[in-house]
Amino acid sequence: LLDRPAVILDESGADPMRITSGTGVYHEGTRRLQMEGGVTLSSKNQTFNTASSLYNTATGELSGSGPIQGVGSLGEIAAKSYGVYDKGERMIFKGGVRARIPTH
């Protein structure tokens with residue numbers, strides 16, 4: 001059981017992604033960290049909020065089956081589920097994806 005766990009993807013990279021939550025449970029057998037209670041995904045150019053996330057320490061992938069919303073480099077995004085891959089370089093939003101992309 002963890003209090004206020006934090007995970008940093010690509011810590012030495014140009015734009016590391018930090019994932020934080022209120023609580024977490026690390027399952028050593030499956031090498032997965034279940035994060036609950038106000039999960040925030042943030043980096044230099046984006047911030048997203050969701051209720052829970054599952055981080056696979058073996059693959060470095062983060063996923064969530066609950067709603068997510070926030071602001072990324074393209075604009076505002078909301079979806080029913082998501083996945084984060086390649087050390088935070090790639091985010092995939094699924095289910096009822098809505099976006100507001102500003103035109104400059």
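Select T20 first, and you will find that T20 stands opposite T40 in β5; strands here are DSSP runs of E with at least two residues, helices are runs of H or I with at least four, and both are numbered from the N terminus. The model is a predicted one, in which local features need pLDDT of at least 70 and side-chain atom pairs count only at pLDDT 80 or more, while totals for chains, interfaces and linings use all residues. Residues are numbered from 1 along each chain as its sequence is written, and side-chain values use heavy atoms, with hydrogens and water left out.

Now widen the selection to the strands around T20. Strand β3 (residues 17-20) and strand β5 (residues 32-43) pair in the antiparallel sense over 3 bridges, where pairing requires that DSSP finds at least two bridges between two strands. On its other pairing, β3 runs antiparallel to strand β2 (residues 6-9), and 4 bridges join them. Colour β3 by face: M17 and I19 make up the covered face, whereas R18 and T20 make up the uncovered one. In a regular strand, side chains alternate between the two faces of the sheet.

Leaving aside neighbours within four places in sequence, A6 is in contact (heavy atoms within 4.5 Å) with R18, I19 and T20. A6 counts as partly exposed because its relative accessibility is 44%, given that buried means under 20% relative accessible area, exposed over 50%, and partly exposed in between, with a 1.4 Å probe and protein chains only.

Two loop residues deserve a backbone check. Most residues other than glycine have a negative phi. D10, in the loop between β2 and β3, has a phi near 55 degrees, and K87, in the loop between β10 (81-85) and β11, has a phi of about 60 degrees. D10 is partly exposed at 23% relative accessible area, while K87 counts as exposed at 56%.

Finish at the largest pocket, which is lined by 16 residues, with Q46, S73, G88, E89 and M91 nearest its centre. β6 (46-56) and β11 (90-94) are the elements that give two or more residues to this lining, and β11 gives the most, with 3 residues.

Key: On a 1 Å grid over the protein atoms alone, a cavity is a set of points where a 1.4 Å probe fits but cannot get out, and a pocket is an open set with protein on both sides within 12 Å along at least five of seven lines; lining residues have an atom within 4 Å of a point.
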